Amino acid sequence: MDGVSGSGGISSALYMGAGAMQAHSWGMAVSAHNVANVSTDGFTPQRALFATGPGGRGVTLDTVLREPPLGGAVSAPDRPGASGDVSAAAGLPPEAMRPSGTELAKEMPRMIITQRTYESNAQTVRTADDMLGTLLNIKA
């Protein structure tokens with residue numbers, strides 16, 4: 001095996017691993033943003049979608065979507081004389097009276113999965129780096 005073809009596969013692994021780490025870093029940022037706004041009324045969480053990288057190799061962040069809201073505006077309780085939308089009566093936009101759409105029961109597993117995926121790609125980068133170092137030591 002010559003140094004060029006041997007290092008080509010190694011550098012490819014380095015680039016794919018680093019690219020996947022970057023994509024999952026953005027995915028973690030999306031989840032962290034959702035968790036940080038768990039108490040923000042009217043907040044609509046987002047979700048990171050990943051796609052296969054160029055040439056069918058690796059992974060990229062495809063898009064960030066807003067998740068549909070859990071419910072509409074808070075309505076007035078059923079009582080005589082009470083009708084309509086509380087947010088409209090208060091002069092606020094309907095989304096301001098809606099609680100945050102962030103569900104911690106969904107976000108925490110997403111964050112754990114994203115963290116583990118990031119760690120596995122970091123291990124790929126470390127292994128490729130070790131292999132490249134060994135190859136360079138043999139070549140020298």
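Buried means under 20% relative accessible area. The views below show a predicted model.

**View 1. Helix α4, residues 104–139.** Helix α4 has 36 residues. From its first C-alpha to its last it reaches 52 Å, close to the 52 Å expected at 1.5 Å a residue. Its buried residues are E107, M111, T114, N121, A122 and A128.

**View 2. The salt bridge between E67 and R110.** The side chains of these two residues meet with N and O 3.0 Å apart. The pair links distant parts of the chain, 43 residues apart. E67 lies in the loop between β2 (59–66) and α2 (86–89), while R110 belongs to helix α4. E67 counts as buried because its relative accessibility is 13%, under the 20% cut-off. R110 has a relative accessible area of 26%, so it is partly exposed.

**View 3. The salt bridge between E107 and R110.** Here the closest N and O atoms are 3.2 Å apart. Both residues lie in helix α4, separated by 3 residues, about one turn of the helix. An α-helix has 3.6 residues a turn, so residues three or four places apart point the same way. With a relative accessible area of 1%, E107 is buried. Salt bridges that share partners join R47, E67, E107 and R110 into one network.

**View 4. The salt bridge between K106 and E103.** The closest N and O atoms of this pair are 3.6 Å apart. K106 counts as partly exposed, at 41% relative accessibility. E103 is also partly exposed, at 31%. The structure holds 5 salt bridges, among them the K106 and E103 pair.

Definitions and conventions
Residues are numbered from 1 along each chain as its sequence is written. This is a predicted model: local features need pLDDT of at least 70, side-chain atom pairs count only at pLDDT 80 or more; totals for chains, interfaces and linings use all residues. Side-chain values use heavy atoms; hydrogens and water are left out. Helices (H or I, at least four residues) and strands (E, at least two) are DSSP runs, numbered from the N terminus. The expected span of a helix is 1.5 Å times one less than its number of residues. Buried means under 20% relative accessible area, exposed over 50%, partly exposed in between (1.4 Å probe, protein chains only). A salt bridge is a side-chain nitrogen of Lys or Arg within 4 Å of a carboxyl oxygen of Asp or Glu.
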